[in-house]
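Morning, everyone. Please have a look at the model on the screen. I'll keep this short.

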Amino acid sequence: MTALPRGGAPAEALAEVEASIEDRWRSFLAEYEVTAGTKEEADLAESVIADTSAFEWRIVDAAFDRLTCTDCGIGLGAGPVGCEKCDQANGFRFAAIETDRPATPPGTEHGLRVATAVARTRHRYGVRARCGFELGLPPLLDGELPGTAQAQAYRAAINKLTEEECERVTSFDEVTRLSSRRVR
């Protein structure tokens, strides 16, 4: 599981999403009658990565979790920016299927998917992107998708924070409070 340094509701939401990724992978293994921890599991993960567009994003993320980059030695797609294999794999992860959950606005699952990818590989993204996507995890998980105006307001508020504040805040309310005290 990824430890989210900011804690609070974003860390709890990420833990919940990661649990859903693992639950979906266990079900996927059962569908294919594959035992966890075996060569067959690694082979199945490789087959998922060979065509990420054929699988639901939780399956794709779980498959990446089981593979190691042969260039950098980190989990495939999670290595440092500049590792060509990880950069390519991280891009391919976004081809996965994203089906909106019932009773959620269209695009909510995409938002949750992107926010999860950023939170799980936060070293690959800038401090302000991390802040926005990680803070967005709880409402997205609850099926809420901000409109364009709200998302732009959050971004403008985040842009007024220092990098240290961006790493420390745990809610959009906190961002709004801090940013309202400054002009940038």
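Just after α1, E33 has a positive phi of about 55 degrees. Keep in mind that this is a predicted model.

Now α1 itself. It has 24 residues, and at 1.5 Å a residue they should span 34 Å. The end C-alpha atoms are 35 Å apart, which agrees. Which residues of α1 are buried? They are P10, A13, L14, V17, E18, I21, W25, F28 and L29. Look at the spacing. In an α-helix there are 3.6 residues a turn, so residues three or four places apart point the same way. What covers the buried residues of α1 includes α2 (39-50), α3 (57-65), α5 and α6.

Next, T116. This residue is found in helix α5. Is T116 buried or exposed? It counts as buried, because its relative accessibility is 0%. Leave aside the neighbours within four places in sequence. T116 is then in contact with L14, V17, I21, W57, D61 and L137. L14, V17 and I21 are among the buried residues of α1. L137 is one of the buried residues of α6.

That takes us to α6, residues 127-141. Its 15 residues should span 21 Å at 1.5 Å a residue. The end C-alpha atoms are 22 Å apart, which agrees. The buried residues here are V127, R130, C131, E134, L135, G136, L137, P138, L140 and L141. They pack against α1 (8-31), α5 (108-120), α7 (148-159), α8 (163-168) and α9 (172-179).

Last point. G143 follows α6, and its phi is positive, near 90 degrees.

Notes:
Residues are numbered from 1 along each chain as its sequence is written. This is a predicted model: local features need pLDDT of at least 70, side-chain atom pairs count only at pLDDT 80 or more; totals for chains, interfaces and linings use all residues. Side-chain values use heavy atoms; hydrogens and water are left out. Helices (H or I, at least four residues) and strands (E, at least two) are DSSP runs, numbered from the N terminus. The expected span of a helix is 1.5 Å times one less than its number of residues. Buried means under 20% relative accessible area, exposed over 50%, partly exposed in between (1.4 Å probe, protein chains only). Contact means heavy atoms within 4.5 Å.
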